[in-house]
Amino acid sequence: MLEVLYQEGFPIWLEASIQIKQAGGLQRGKSDAIDAVRIAEYAYRFRDRLRIWQPTRSVLKQLTELSQLRHRLQSAINQLAVPLTEQKRFGDRALQCQLKNHCGDSLKALRKDLEQVEASLKSLIQHDTELKTLFSLLTSIPGVGTIVATEIVIATDEFKAITEPKKLACHAGVAPFEHRSGSSVRGRTRVNHHARKSLKTLLHLASMAAVKSKGELQVYYQRKVREGKNRMLILNAVRNKLIHRVYAVVRRNEKYDKNYTPVLV
């Protein structure tokens, strides 16, 4: 529908349904007519925040589809292979060999398909100048690999839709928010569950890789552990640091330099 409306020249304002629902306050009842009125009221009240939708580049659509296919193939491989690996030490070996033989061909076929999809992803990136430049910048950051970079580029629409690191941290569900009011409500600072969970998972894996590699983040992680900080809180801070580094290299259009020293003016 978006493509058809755009081709016909209609200006399109794309908004999340939960944003419209929560902005409407207390609501009772639901029907198409009621929803239409609520959408119209939202558009009128927040017309100063109007954002005209623009379609993404066709190459980014291809990147998105290939990334999703890769995720599905990886999930299928894990569903078949992981249980067999976990039961090796406990089950009947003859039975385990039999089960492995039953799904051996399927696993081989899935892994072959996965290799082909990953090769297509790399080829797509290498043959597009903008994507090649972005991936070169992002993957220069310790802990950020091709898969993490792919998800970030897709989530931000090549950094056009989400232009600030704090907004991406909120979108990925790694930005901590306070929960307190006066002197009676003193809740713990937590991240919000409204998030892009796939990106959050990949950022967590990236932070784990970063703290295991020699460098500033590993030193930071070890220092905070010695101070008695919660390990998950430290990893969440590392995730935020990675996001800020991503935006820093894109903003400067320079690869990550571990010896970079900011110039004081």
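Tutor: Two residues are in contact when they have heavy atoms within 4.5 Å. The structure above is a predicted model, in which local features need pLDDT of at least 70 and side-chain atom pairs count only at pLDDT 80 or more, while totals for chains, interfaces and linings use all residues. Residues are numbered from 1 along each chain as its sequence is written, and side-chain values use heavy atoms, with hydrogens and water left out.

Student: Among contacts between residues at least 6 apart in sequence, what percentage join residues at least 24 apart?

Tutor: Start from the contacts in the chain whose partners are at least 6 apart in sequence. Of these, the share joining residues at least 24 apart is 64%.

Student: How many helices and strands are in the chain?

Tutor: Helices (H or I, at least four residues) and strands (E, at least two) are DSSP runs, numbered from the N terminus. Along the sequence the pattern reads α-α-α-α-α-α-α-α-β-β-α-α-α. The count is 11 helices and two strands.

Student: What percentage of the residues of the chain count as buried?

Tutor: Buried means under 20% relative accessible area, exposed means over 50%, and partly exposed lies in between (1.4 Å probe, protein chains only). The chain has 265 residues, and the buried part is 30%.

Student: What volume does the largest pocket have?

Tutor: On a 1 Å grid over the protein atoms alone, a pocket is an open set of points where a 1.4 Å probe fits, with protein on both sides within 12 Å along at least five of seven lines; lining residues have an atom within 4 Å of a point. Grid points are joined across faces, edges and corners, and a volume is the space filled by probe spheres set on the points. For the largest pocket, that volume is about 1400 Å³.

Student: Which residues lie nearest the centre of the largest pocket?

Tutor: Helices H2 (17-23), H4 (58-86), H7 (146-156) and H8 (165-172) each supply at least two residues of the lining. The lining of the largest pocket has 34 residues, and nearest the centre are Arg51, Ala155, Ala161, Ile162 and His171.

Student: How do the residues of that lining divide into nonpolar, polar and charged?

Tutor: Ala, Val, Leu, Ile, Met, Phe, Trp, Tyr, Cys and Pro count as nonpolar, Asp, Glu, Lys and Arg as charged, and the others, Gly among them, as polar. The lining of the largest pocket then divides into 15 nonpolar, eight polar and 11 charged.

Student: Which element gives the largest share of the lining of the second largest pocket?

Tutor: The second largest pocket holds about 380 Å³ of space. It is lined by 15 residues, with Ser67, His71, Glu151, Ser198 and Leu202 closest to its centre. Two or more lining residues come from each of H4, H7 and helix H9 (197-212). The largest share is five residues, and they come from H4.

Student: How many residues of H7 are buried?

Tutor: The buried residues of H7 include Val148, Glu151 and Thr156. H7 is mostly covered, and of its 11 residues the buried ones number nine.

Student: Is Leu233 buried or exposed?

Tutor: Leu233 is found in helix H11 (residues 231-252). The relative accessible area of Leu233 is 53%, so it is exposed.
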